[in-house]
Amino acid sequence: MNEEVARNVVLVRAIETADHKREILSDDDRMYASRSARELAQWQASDSKSEVSADHFLQQRSEQILKRIAERTPAFASFARRGSGFRTLARALPVLALVLGAGLDRIADPHRVDLLSAPLLGILGWNLLVYVVLLAWMLVPARTGWASPGLLRRLSAGKAALPRKLPHALAGALMGFMAQWAELSARLTRARLSRTMHLSAAMFALGAVLSLYARGLLAQYSAGWESTFLDASQVHAILSVLFAPAVHLLQLPGFSVADIEALRFTQQQQGALAGAR
């Protein structure tokens, strides 16, 4: 049973459970839906040369009931068609992160890579923070994670507002369904949200790298740093922490305080002037 079928089944169960007075579905409606679903499930099983399963029956029955309610209540049809909104977020957020990463060096000097620039330190610091948080979650597992229940409910069940002109009994059933579906799909929604956030972080860094390479084809970059209050040893300590994961994973040789001092922009300018003389 895929996610769409499971959602329909939970929706029908919520409607039938809340419909005590048979205001939404009569007994005849329910019996007709069960009889039609049984016949359709048998036909589907024979066509695929397999045995009739409960999943086939529930799928056909939920489709029959939802179709019947949509025909009687057009406002319900709009509710049944609307998505959770998570698909839009999952597509838009990585694209937005890529665009922001690509335009990162536009706010800095386009001809220099400043090792102490806020955009570069932001990328490195953010990724370092993510790894620290992931390590903390492994050591001390959280019950709900960083996403709030309200956010998970919005992403899984959609906005809380219901369409107008819904019968009172049906509106109450739909509110109950959204609460149930949000609880049942919380783990799946949380996993999808985490995947989207990781993908967005990767796309942000990829956009920054592609922008640097693209602009480097037309301009020469000069890597270094400058600061009014920090000296080479302090900058070395900061960069050693931020670049530690890359140095460890890629087996890079590392750098010394002298290497950092040589990258100071004032030192490079003095060297260029001495060479010109």
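The following questions and answers concern a predicted model of one protein chain.

Me: How many helices and strands does the secondary structure of the chain come to?
Reply: The chain has 277 residues, of which 31% count as buried. Among contacts with a separation of 6 or more, residues 24 or more positions apart account for 77%. The secondary structure comes to 13 helices and two strands.

Me: Are helix 1 and helix 3 roughly parallel or oblique to each other?
Reply: Two packed helices are described by the angle between their axes and the distance between the axes. For helix 1 and helix 3 the angle is about 60°, and the axes are 9 Å apart. Angles under 35 degrees count as roughly parallel and 65 to 115 as roughly perpendicular. Helix 1 and helix 3 are therefore oblique.

Me: What is the handedness of the crossing of helix 1 and helix 3, and how many nonpolar residues does their contact have?
Reply: The crossing of helix 1 and helix 3 is left-handed. Residues of helix 1 that meet helix 3 include Val-5, Val-9 and Ile-15, and their counterparts in helix 3 include Leu-58, Ile-65 and Ile-69. By class, this contact has two charged, three polar and nine nonpolar residues.

Me: Is Ser-62 buried or exposed?
Reply: Ser-62 is found in helix 3, which spans residues 54-72. Leaving aside residues up to four places away in sequence, Ser-62 touches Asn-8, Val-9 and Val-12. Its relative accessibility is 3%, and the cut-off for burial is under 20%, so Ser-62 counts as buried.

Me: Which residues does His-56 touch, not counting residues up to four places away in sequence?
Reply: His-56 lies in helix 3. With a relative accessible area of 19%, His-56 is buried, because the limit is under 20%. Beyond four places in sequence, the residues that His-56 touches are Ala-41, Gln-44, Ser-50 and Glu-51.

Me: At what angle do helix 5 and helix 9 pack, and what is the handedness of their crossing?
Reply: Helix 5 covers residues 86-102 and helix 9 covers residues 186-216; their axes are 6 Å apart and the angle is about 20°. That makes helix 5 roughly parallel to helix 9, because angles under 35 degrees count as such. By class, the contact of helix 5 with helix 9 has 16 nonpolar, six polar and one charged residues.

Me: What is the geometry of the pair formed by the rings of Phe-79 and Phe-177?
Reply: The count of aromatic pairs comes to two. The ring centres of Phe-79 and Phe-177 are 6.3 Å apart and their planes lie at 80°; planes over 60 degrees apart count as edge-to-face, so the pair is edge-to-face.

Me: Which residues form the aromatic cluster?
Reply: Phe-79 is in helix 4 (residues 74-81) and Phe-177 is in helix 8 (residues 168-184), 98 residues apart. Phe-79 counts as buried at 1% relative accessibility, and Phe-177 counts as buried at 0%. The aromatic cluster is formed by Phe-76, Phe-79 and Phe-177.

Me: What is the phi of Arg-22?
Reply: Arg-22 is found in the loop between helix 1 (3-18) and helix 2 (27-47). At 37% relative accessibility, Arg-22 counts as partly exposed. Most residues other than glycine have a negative phi. Arg-22 is not a glycine, yet has a positive phi of about 55°.

Definitions and conventions. Residues are numbered from 1 along each chain as its sequence is written. This is a predicted model: local features need pLDDT of at least 70, side-chain atom pairs count only at pLDDT 80 or more; totals for chains, interfaces and linings use all residues. Side-chain values use heavy atoms; hydrogens and water are left out. Axes are lines fitted to C-alpha atoms, for helices over the stretch in contact, and angles run from 0 to 180 degrees between N-to-C directions. Helices (H or I, at least four residues) and strands (E, at least two) are DSSP runs, numbered from the N terminus. Angles under 35 degrees count as roughly parallel, over 145 as roughly antiparallel, 65 to 115 as roughly perpendicular and the rest as oblique. Ala, Val, Leu, Ile, Met, Phe, Trp, Tyr, Cys and Pro count as nonpolar, Asp, Glu, Lys and Arg as charged, and the others, Gly among them, as polar. Buried means under 20% relative accessible area, exposed over 50%, partly exposed in between (1.4 Å probe, protein chains only). Contact means heavy atoms within 4.5 Å. Rings of Phe, Tyr and Trp (its six-membered ring) pair if their centres lie within 6.5 Å; planes under 30 degrees apart count as stacked, over 60 as edge-to-face and the rest as tilted. A crossing is left-handed if the near helix is turned anticlockwise from the far one by less than a right angle, and right-handed if clockwise.
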